[in-house]
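Subject: Handover of a structure

Dear colleague,

I am passing on the structure below, followed by an account of what was found in it. Please read the two side by side.

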Amino acid sequence: MTFAPTLFEGRCALVIGGTSGIGAGTALRLAELGATVLAAGLRADGEHAPMHDRVRCVELDVTDGPALHAMLSKEGSIDILVNCAGISRDRAEYELDVFEHVLDVNLTSIMRACNAAVPALIRSRGCVVNVASMFSTFGSADRPAYAASKGGVVQLTKSLAQSYAPAKVRVNAVAPGWIATPLSEALGRDEDASRRILDRTPLGHWGEPSDVADAIVFLCSPAARYITGVTLPVDGGYLTV
Ligand code: NAI
């Protein structure tokens, strides 16, 4: 454990896309540090959902605005909002309806969640962390919607950081590298692809959800009090090569 175990005692966190992978790891870490956490996403009772006394998992489709508002209206306060929901549909993203759906889940949902949560965040002087990607920087012939959405996450993070700053609400992002989660499982099993990734990763191994969770914890902590609008790579150095 790299942070004081009471860091977020008395704080309420909402992790959207918190029912698997990086989001589930983040929900757990926030709870371990004292926060009460609502982890929202698909398959909320599935095998990848976080299990902790202070984590409650709820089923939510981020493309469903009324459901999001209904969920938030039941919550008293929000100190931390993490937007982690994400999907990729590979080359099917060249089909316009698939393209739009990926944009909706990965990018528009962040605007939707921030619009819904900002009154509570202003009351608490809270903070937001969005989850971008290395594909915020690179293009991807195999994932055109994914890369476009993740580029958008970085720009939206900067815009919301400016917009919310007068209310002392900070907005940042992390850009994970190759992290072992259900989303990346197939790639991890592909030995050639995994070898190419490792050869290009200076730290020489895939990341774990907890590696990203700890960066998110930092951005939510008082240690990051003068940081807003940044996207922090958490990628073992992949972007430097
Ligand atoms: P995952 O598949 O394990 O988790 C994705 C989460 O998004 C789940 O909680 C799922 O329920 C939620 N989600 C998907 N569609 C949703 C919808 N319509 N409504 C509500 N929730 C929805 O994947 P992983 O790897 O944990 O990904 C989390 C985030 O990290 C994503 O934004 C992804 O793009 C990003 N990322 C992941 C990387 C990796 O190597 N695993 C690398 C870079 C970014």
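A word on handedness is needed before the helix pairs: a crossing is called left-handed if the near helix is turned anticlockwise from the far one by less than a right angle, and right-handed if clockwise. Please keep in mind that this is a predicted model, in which local features need pLDDT of at least 70 and side-chain atom pairs count only at pLDDT 80 or more, whereas totals for chains, interfaces and linings use all residues. Residues are numbered from 1 along each chain as its sequence is written, and side-chain values rest on heavy atoms, with hydrogens and water left out.

The overall picture

The protein chain has seven helices and seven strands, these being DSSP runs numbered from the N terminus (H or I and at least four residues for helices, E and at least two for strands). Along the sequence they follow the pattern β-α-β-β-α-β-α-β-α-β-α-α-α-β. The radius of gyration, taken over C-alpha atoms, is compared here with a globule rule of 2.2 Å times the number of residues to the power 0.38. For the protein chain it is 17 Å, close to the 18 Å that the rule gives for 241 residues, so the chain is as compact as a globular protein of that length. Its C-alpha atoms fill a box of roughly 50 × 40 × 35 Å along the principal axes.

The sheet

Seven strands form an open, parallel sheet in the order β3-β2-β1-β4-β5-β6-β7, where two strands pair if DSSP finds at least two bridges between them. At the edges are β3 (55-59) and β7 (231-234), each of which pairs on one side only, and the twist averages 20° from one strand to the next. Angles here run from 0 to 180 degrees between N-to-C directions, and axes are lines fitted to C-alpha atoms, for helices over the stretch in contact. Within the sheet, β1 (residues 12-16) and β2 (residues 36-41) run parallel and are joined by five bridges, with I16 standing opposite A40 in β2.

Helix α2 (residues 65-73) lies across β1, β2 and β3 and runs at about 165° to β1. Helix α7 packs on the sheet, touching β4 (80-83), β5 (127-131), β6 (170-176) and β7, with its direction at about 165° to that of β6.

Helix against helix

The axes of α1 (residues 21-32) and α7 (residues 209-220) come within 8 Å and cross at roughly 55°. For such angles, under 35 degrees counts as roughly parallel, over 145 as roughly antiparallel, 65 to 115 as roughly perpendicular and the rest as oblique. α1 and α7 are therefore oblique to each other, and their crossing is right-handed.

α2 and α3 (residues 96-124) pack at about 30° with their axes 10 Å apart, again in a right-handed crossing. Their contact, meaning heavy atoms within 4.5 Å, is made by G65, L68, H69 and L72 of α2 and R112, A113, A116 and A117 of α3.

Finally, α3 and α4 (residues 144-164) pack at about 15° with their axes 8 Å apart; the two helices are therefore roughly parallel to each other, and this crossing too is right-handed. Among the residues that meet here are F99, V102 and L103 in α3 and P144, A145 and Y146 in α4.
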